[in-house]
Amino acid sequence: MPGLAALTRDWLTAIGEDPDREGLQRTPHRVAKAWAFLTGGYGQTLAEVVGEGVFAAEGSEMVIVKDIEFYSMCEHHMLPFYGRAHVAYIPDGKILGLSKFARIVDLYSRRLQVQERITTQVAEAVEELLTPKGVAVLMEGTHLCMSMRGVQKQNSSTTTSAMRGLFRNDPRTRAEFMSAVQGTLRSR
């Protein structure tokens, strides 16, 4: 990302820094490399990150993958937000390799984002891949745009959810999922 390195150099100058100062000489290169990683989700597709991770299987009991760490960049301020995602589904003939859930969360997190959209995108991806009886995604995040600037509320968090199928239509199924992840949610 040579263009980003040049922009970073200009940005350093714009904020009053000297990009030729010893500590900053390699910063434009490091920033470009970091942003290539942080926005790597733009260069990937769902099919690529899942590969051959979908398998035929019997059974229709709830599967939950909890505490998937995510890191993203707020599209409004380009500051980080991070937290944990919990993904559940009820199989209907197909299952997904467990590591693929983390890959799906990363796919959508590594873009300029809002937490609400990532939550929906993860739910839609699982639905598309598996056509399950239901999908639930719950994400809890800390947003540095709220913590370190603006209202400066360091202890705030944001919880978003997306419920599909049985998780939306059956209160018992939704309650089972919420009960299973309740202990992992940030305590107040």
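Colleague: Which residues of α8 are buried?

Modeller: Thr173, Phe177 and Val181 are the buried ones. They span an arc of only 60° around the axis, which puts them on the same side of α8. Bear in mind that this is a predicted model.

Colleague: What makes threonine 173 count as buried?

Modeller: Buried means under 20% relative accessible area. Threonine 173 has 10%, so it counts as buried.

Colleague: What does threonine 173 touch, leaving out residues up to four places away in sequence?

Modeller: Threonine 173 touches Met62, Ile90, Leu166 and Phe167. For the buried residues of α8 together, the cover includes β2, β3, β6 (134–143), β7 (158–165) and α7 (166–169).

Colleague: And which exposed residues sit on the face of α8 turned away from its buried side?

Modeller: Pro171, Arg172 and Ser179 are on that face. Take arginine 172. Exposed means over 50%. Arginine 172 has 67% relative accessibility, so it counts as exposed.

Colleague: How do you know that the reach of α8 is close to the expected one?

Modeller: α8 covers residues 171–182, 12 residues in all. From first C-alpha to last, α8 reaches 16 Å. At 1.5 Å a residue, 16 Å is expected.

Colleague: Why is aspartate 170 called a cap of α8?

Modeller: Look at the N-terminal end of α8. A side-chain oxygen of aspartate 170 lies 3.0 Å from the backbone nitrogen of arginine 172. A polar contact needs N or O atoms within 3.5 Å, so 3.0 Å passes. The side chain of aspartate 170 also makes a 3.0 Å polar contact with the side chain of threonine 173.

Colleague: What makes aspartate 170 and arginine 172 a salt bridge?

Modeller: The closest N and O atoms are 3.5 Å apart. The cut-off is 4 Å, so the pair qualifies. Aspartate 170 is buried, at 16% relative accessible area.

Colleague: How many salt bridges does the structure hold?

Modeller: There are eight. One of them joins the side chains of aspartate 67 and arginine 84, at 3.2 Å from N to O. This pair links distant parts of the chain, with aspartate 67 in strand β2 and arginine 84 in strand β3, 17 residues apart.

Colleague: What about cysteines: how many disulfides does the structure hold?

Modeller: It holds zero. Cysteine 74 is in no disulfide, and its nearest cysteine sulfur, that of cysteine 145, is 4.1 Å away.

Colleague: What makes cysteine 74 and cysteine 145 buried?

Modeller: The limit is under 20%. Cysteine 74 has 5%, so it counts as buried. Cysteine 145 has 12%, so it is buried as well.

Colleague: What is noted about the phi of methionine 78?

Modeller: Its phi is positive, about 55°, although methionine 78 is not a glycine. Most residues other than glycine have a negative phi. Methionine 78 is in the loop between β2 and β3. At 43% relative accessibility, methionine 78 counts as partly exposed.

Colleague: And threonine 131: where is it found?

Modeller: Threonine 131 is in the loop between α5 and β6. Its phi is positive, about 45°, and it is not a glycine. Exposed means over 50%, so threonine 131, at 52%, counts as exposed.

Colleague: One more helix. Which residues of α4 are buried?

Modeller: In α4 (residues 99–109), they are Lys100, Phe101, Ile104, Val105, Leu107, Tyr108 and Ser109. These buried residues pack against elements including α3 (46–50), β2 (63–74), β3 (80–90) and α5 (115–130).

Terms used:
Residues are numbered from 1 along each chain as its sequence is written. This is a predicted model: local features need pLDDT of at least 70, side-chain atom pairs count only at pLDDT 80 or more; totals for chains, interfaces and linings use all residues. Side-chain values use heavy atoms; hydrogens and water are left out. Buried means under 20% relative accessible area, exposed over 50%, partly exposed in between (1.4 Å probe, protein chains only). Helices (H or I, at least four residues) and strands (E, at least two) are DSSP runs, numbered from the N terminus. Contact means heavy atoms within 4.5 Å. The expected span of a helix is 1.5 Å times one less than its number of residues. The arc is that of the directions from the helix axis to the C-beta atoms. A polar contact is a pair of N or O atoms within 3.5 Å; within protein, one must be able to donate a hydrogen and the other to accept it, and residues adjacent in sequence count only if both atoms are side-chain atoms. A disulfide is a pair of cysteine sulfur atoms within 2.5 Å.
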